[in-house]
Amino acid sequence: MSEPPGVVCRECPDRAFVNVRGDVGDPRLRDAVAQVAGVDLPREPGTWNQADRSRAYWLGPDEWLLVVEGDDGLEVEGRLRSALDGHFSVVDVTGTQVHKELSGPDVGKVLQKSSPYDFHPRHFPPGRCAQTVFAKATALVAAREDGAFDIVFRRSYADYFMRWLADAAAEYGYRLD
Amino acid sequence: MGAEVRRRAAGGRIDRDQTLDFVFDGRALRGFAGDTLASALLANGVDVVGRSFKYGRPRGIVGHGAEEPNAIVEVGAGASCVPNLRATQVELYNGLEARSIRASLFQRAAGAFGRLLPAGFYYKTFMSSPGAWMAWERVLRHAAGFGKAPDGADPDTYDRMNHHCDVLVVGAGPAGLSAALEAAGWGARVLLADEQSEFGGSLLAETRALGGDSAAAWLDGALAELDASGNVELLPRSTVSGYYDHNFLTLVERRSDHLGPVAAAGTRERLHRVRAEQVVLATGAIERPLVFANNDLPGVMLASSVSTYVNRYAVAPGKSLLLFTTNDHGYRTALDWHRIGREVVAIVDARESPAGGWVAAAKEAGIDVIVGHAIIEAVGRSRVSGAAIASLQANALAGTPRRLACDLIACSGGWNPTLHLGSQTGVKPRWSDSAGAFLPGDLGGGTVCAGAVAGTPTLRGCLEQGALAGATAASRAGFGSGRTTRSAPEVDEPPETPARSLFLVPHPKRVSRAPKQFVDFQLDVTASDIELAAREGYESVEHVKRYTALGFGTDQGKLGNVNGVAILAEALGKDIAEVGTTMYRPSYTPATFGAIAGRDVGGFFDPERHTPMHEWHTSRGAEWENVGRWKRPRYYPRSGETMQQALNRECLAARDGVAIMDASTLGKIDIQGADSAESLDRIYTTGFRKLGIGRCRYGLMLHEDGTIFDDGVTARLGEDRYLMHTTTGNAEVVFAWLERWRQTEWPELSVYFTSVTDHWATAALVGPKSRTVLAKVCTDIDLTGGAFPFMAVREGHVAGVPARVFRISFSGELSFEVNVPAQHGRAVWDALIDAGAEFDITPYGTEAMHVLRAEKGFIIVGQDTDGSMTPADTGMDWAVRRNKPFGFLGDRSLDLADHLREDRPQLVGLATDDARTVLPEGGQLVDDPECRPPVPIAGHVTSSYYSARLSRPIALGMVKGGAGRMGETVHCPLADGRVVKASIVDPIFYDPKGERQRV
């Protein structure tokens with residue numbers, strides 16, 4: 001049997017992605033998201049929350065990415081729109097996003113080769129997320145409890161991104177699931 | 001002298017079971033694993049490793065590390081060969097091929113020639129007749145004898161890795177190791193880098209015991225402890241090459257060079273980019289050579305290098321040693337030489353009455369110690385055969401020189417701390433009288449210097465200071481109290497007599513007449529060159545460097561600079577502190593371009609962005625156009641078709657039948673909030689407040705100065721929701737522009753912007769038959785002109801997928817732009833192609849798009865505009881509303897006197913009179929083709945194509961006062977001498993009333 005790969009990349013299909021912008025101090029925004037997606041919008045910069053099938057990533061002081069497994073982006077957008085009031089923005093961005101999960105003992109090395117950001121567990125423990133430079137593209141990287149990372153990037157960069165990953169991970173043994 | 005004589009039978013850190021064959025300058029030689037190329041050459045009795053830069057003098061190995069000025073070699077062959085390596089830093093491997101970069105006949109002949117090159121030769125010669133440099137450059141560059149860059153593509157792989165650490169320790173000698181152990185003990189994330197293959201630095205050649213055990217045993221223990229620590233990363237073979245602002249440092253790790261050419265497997269070099277909270281510089285010191293006549297003869301070496309070759313590599317580079325020292329430390333080399341049973345001719349000590357422990361040990365060993373003397377001249381032809389020594393009192397010679405026979409001269413002129421990295425940060429080194437050396441300047445709170453680099457002379461002191469530095473750095477990074485937790489191992493440190501400073505040994509003849517006293521070996525700079533520079537009026541050390549080339553070589557004067565500075569100070573009658581040193585710059589030792597480029601080469605050089613339909617275009621043999629990072633089909637040639645034929649076919653299909661284009665790359669920004677319309681009104685020249693829901697409007701975006709920087713169509717999707725289209729290349733710029741104004745100037749507006757460029761896949765269905773085709777796959781939108789007019793948007797389903805369909809047109813034809821979420825883009829595209837098959841639906845690319853829009857006189861921002869044009873210049877006053885309550889960006893600037901000039905360049909159509917010639921884009925337009933230069937320019941061509949629909953060339957251009965010159969003639973001189981006549985016409989060539997797009 002061959003060595004287990006140092007890095008495994010897994011596709012995370014069938015997810016709805018909705019970009020949410022609004023005032024985090026407005027309880028109507030937080031309540032609507034909690035009601036529709038069942039997840040609290042993180043208020044702490046650079047963090048993300050997970051509940052059941054939903055994840056909410058902090059992107060900026062007034063911006064989040066909501067990811068709901070097994071749902072449709074346009075429908076989530078519609079439900080949020082009905083539940084919301086006041087000044088907000090919700091946009092289905094499912095077409096924009098490609099979501100991969102990176103795991104394996106050498107995943108940290110591949111991140112080091114790809115980004116100047118510090119993904120060491122001391123600096124980037126589970127629950128943290130960051131939008132950062134990734135090779136010559138950008139990505140949202142999130143640390144998970146199981147030591148794996150969620151990587152979300154733009155669809156138009158997918159070809160470059162996946163070639164880069166395979167190349168950077170090759171020396172550690174790479175498997176694409 | 002044969003190899004068997006020079007290699008000791010036992011000892012050293014070489015592996016005698018692993019013999020390695022290598023070739024140097026065509027000679028087959030043999031060494032052992034653990035050797036450097038330099039130690040193997042010495043073991044093989046190779047005395048001369050090259051010729052000198054200017055004088056062609058034979059040169060031998062002087063040092064044992066980064067400081068080596070003479071043994072500069074080219075290693076490897078073909079495209080993966082590396083020029084300009086120091087043989088002292090090249091690890092030997094089986095099959096290594098190396099050549100001296102300065103062994104050519106040219107160099108051998110240079111001896112006579114070089115005498116004609118005084119200091120400042122280049123300056124004096126080429127400043128007076130600058131043209132001469134162009135003629136002589138090739139010859140002189142060749143003569144300079146630097147390595148030759150390989151001309152094939154580099155077959156090796158290089159990459160980069162980023163690091164963040166609490167403490168970066170530079171140098172794994174006694175101080176660095178102690179620092180790393182201490183910092184790691186406190187729990188800090190530690191990175192320990194060393195340029196050598198083995199960690200240990202000076203400990204690798206240390207003969208004393210540490211804490212009662214051998215130095216090697218202590219080293220093994222320390223490394224095992226660091227290795228076992230979970231928070232230390234060890235980087236051997238890694239040169240810290242650059243120290244930049246904010247504790248950002250670059251390290252070049254040589255990962256496979258020691259294995260030989262292994263092109264296909266793995267990374268040859270890795271550039272580590274380190275962001276460190278704290279940096280411990282434990283870079284050690286380089287021994288200072290002594291400057292005396294003919295001190296460049298092979299066989300004159302640094303004392304510490306002789307000891308290193310003896311102790312670490314088990315090589316004795318000679319038979320009879322004469323040691324010349326100004327300090328106690330140098331005595332250790334004579335003791336090492338004596339210990340291996342070789343003859344020590346004498347120790348020549350420049351001091352009157354040395355009395356330290358090492359001195360006593362030498363005397364005890366029966367070594368002849370000649371005090372108060374100096375070697376004034378080395379004797380020999382291609383190798384030292386003796387030396388002239390003389391009594392040295394104060395700074396003058398006394399008595400008659402006498403001659404001693406020897407074949408090796410070891411020199412110890414004290415130590416120069418390796419302070420290059422600190423200097424790279426812009427902090428000037430400072431002279432210390434007590435240390436007799438330059439020390440790093442005040443590097444601030446992010447850096448700690450420890451060990452010899454800080455002027456610490458003893459091993460025990462380095463161990464202690466290293467530990468303290470490690471604790472200090474860890475504490476500053478938030479780990480521990482700053483106190484050391486471990487005691488340094490005991491080391492026997494005999495008392496030492498103070499050293500004597502001796503930067504230039506006097507000679508019975510004056511400096512300008514004496515045999516050459518070399519200061520900088522690599523570039524052949526002598527003491528007399530420096531004195532000449534001073535006499536000619538140079539005072540700044542930076543000017544003297546450039547005038548004499550002192551420290552200009554690839555070694556950046558690691559050996560010679562301090563002596564050179566001191567000689568200059570003496571000549572100027574100044575203190576060394578006053579003269580100062582030159583600035584050291586990255587890289588510490590030369591770095592390869594490969595390491596700097598990393599993986600950003602070939603297909604990784606710049607990312608390509610692909611639309612969801614990319615593979616379809618590929619399968620149809622599309623030729624590509626790069627638009628920003630996007631790959632867009634330019635045209636789709638059928639077999640045997642020329643580009644023009646393909647364009648004609650694509651254009652006619654759009655005009656007469658149905659054609660389809662992938663427009664996914666257009667920038668798209670979703671705008672929401674009660675003040676969306678107000679924001680758009682402020683950003684665009686056009687008004688959006690009264691735009692009906694479901695309707696679209698064209699807008700021009702201006703900079704504050706009133707010039708056009710983007711355009712596009714914006715649709716109103718709901719009461720408080722809009723969708724903006726930007727040009728492909730400007731999507732990010734426009735988004736940043738919107739956010740900038742929202743966040744910094746108009747925070748009172750309730751509006752949010754979200755980029756949805758990647759979310760939507762867009763297929764532009766164009767042509768008279770587009771409605772029929774779309775109707776086949778879209779049943780829930782009434783596509784009739786009455787229900788779905790031009791410049792409207794409707795939501796529904798296309799091929800079963802939720803879609804937004806825009807009736808907007810960049811071709812002037814009936815057109816439906818079908819937008820679906822990108823994950824469905826390919827499926828919907830395929831469905832449209834299928835639906836259009838019966839009408840011979842034709843895919844078209846950006847080139848046909850350009851022709852179609854030019855026929856309609858539609859501008860492309862950035863092609864027909866150049867950042868200086870106002871709406872009026874492009875004839876688009878109709879898109880500007882000047883009566884908005886708030887105004888818009890650039891509004892007031894439109895009234896600038898210069899913007900109102902009537903002779904500004906204005907957009908016009910150009911029709912060549914011969915109706916055949918396609919004007920070149922960028923072609924200059926003149927009114928008088930016979931005019932002699934300087935010719936007044938009337939304007940230039942911005943867009944130019946052959947129009948298949950009109951069966952003639954068409955062009956757009958900017959002509960001064962063009963709007964008022966309709967019907968007049970301009971001339972376009974071509975590069976081949978022809979002049980093409982063209983008439984100024986209306987820029988709308990086709991369907992001027994716009995009826996076709998409204999059907």
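Analyst: The crossing of α3(A) and α4(A) is right-handed; a crossing counts as left-handed if the near helix is turned anticlockwise from the far one by less than a right angle, and right-handed if clockwise. Bear in mind that this is a predicted model, where local features need pLDDT of at least 70, side-chain atom pairs count only at pLDDT 80 or more, and totals for chains, interfaces and linings use all residues. Residues are numbered from 1 along each chain as its sequence is written, while chains are lettered from A and ligands numbered from 1 in the order in which they are written.

User: What angle do α3 and α4 of chain A cross at?

Analyst: Roughly 120°, and the axes of α3 (residues 107–114) and α4 (residues 158–169) of chain A come within 9 Å. Axes here are lines fitted to C-alpha atoms, for helices over the stretch in contact, with angles from 0 to 180 degrees between N-to-C directions. That makes α3(A) oblique to α4(A). On the cut-offs, under 35 degrees is roughly parallel, over 145 roughly antiparallel, 65 to 115 roughly perpendicular, and the rest oblique. Helices (H or I, at least four residues) and strands (E, at least two) are DSSP runs, numbered from the N terminus.

User: Which residues meet there, α3(A) to α4(A)?

Analyst: From α3(A) you have A:V110, A:K113 and A:S114, and they meet A:W164, A:L165, A:A168 and A:A169 in α4(A). Contact means that C-beta atoms, placed from the backbone, lie within 7 Å. The residues of that contact divide into five nonpolar, one polar and one charged. For the classes, Ala, Val, Leu, Ile, Met, Phe, Trp, Tyr, Cys and Pro count as nonpolar, Asp, Glu, Lys and Arg as charged, and the others, Gly among them, as polar.

User: And how do α1 and α2 of chain A pack?

Analyst: At an angle of about 140°, with the axes of α1 (residues 27–37) and α2 (residues 73–83) of chain A 9 Å apart. α1(A) and α2(A) are therefore oblique to each other, and their crossing is right-handed. Among the residues of α1(A) in this contact are A:V33 and A:V36, and α2(A) brings residues including A:V76 and A:L80.

User: Ok, zooming out. How compact is chain A?

Analyst: Chain A has four helices and eleven strands. Its radius of gyration is 17 Å, close to the 16 Å that the globule rule gives for 177 residues, so chain A is as compact as a globular protein of that length. That radius is taken over C-alpha atoms, and the rule is 2.2 Å times the number of residues to the power 0.38.

User: What about the radius of gyration of chain B?

Analyst: Chain B has 38 Å, whereas a compact globule of 999 residues would be near 30 Å. The C-alpha atoms of chain B fill a box of roughly 115 × 70 × 55 Å along the principal axes.

User: Is B:A450 buried or exposed?

Analyst: B:A450 counts as buried, with 32 C-beta neighbours inside 10 Å. The cut-offs are 20 or more other C-beta atoms within 10 Å for buried, 12 or fewer for exposed, and partly exposed in between, with C-beta atoms placed from the backbone. B:A450 is in the loop between β28 (447–449) and α12 (459–476) of chain B.

User: Last one: how many residues of chain B are in contact with chain A?

Analyst: 34 residues of chain B, against 31 residues of chain A. The largest share of the chain B side, six residues, comes from β8(B).

Notes. Two residues are in contact if their C-beta atoms, placed from the backbone, lie within 7 Å.
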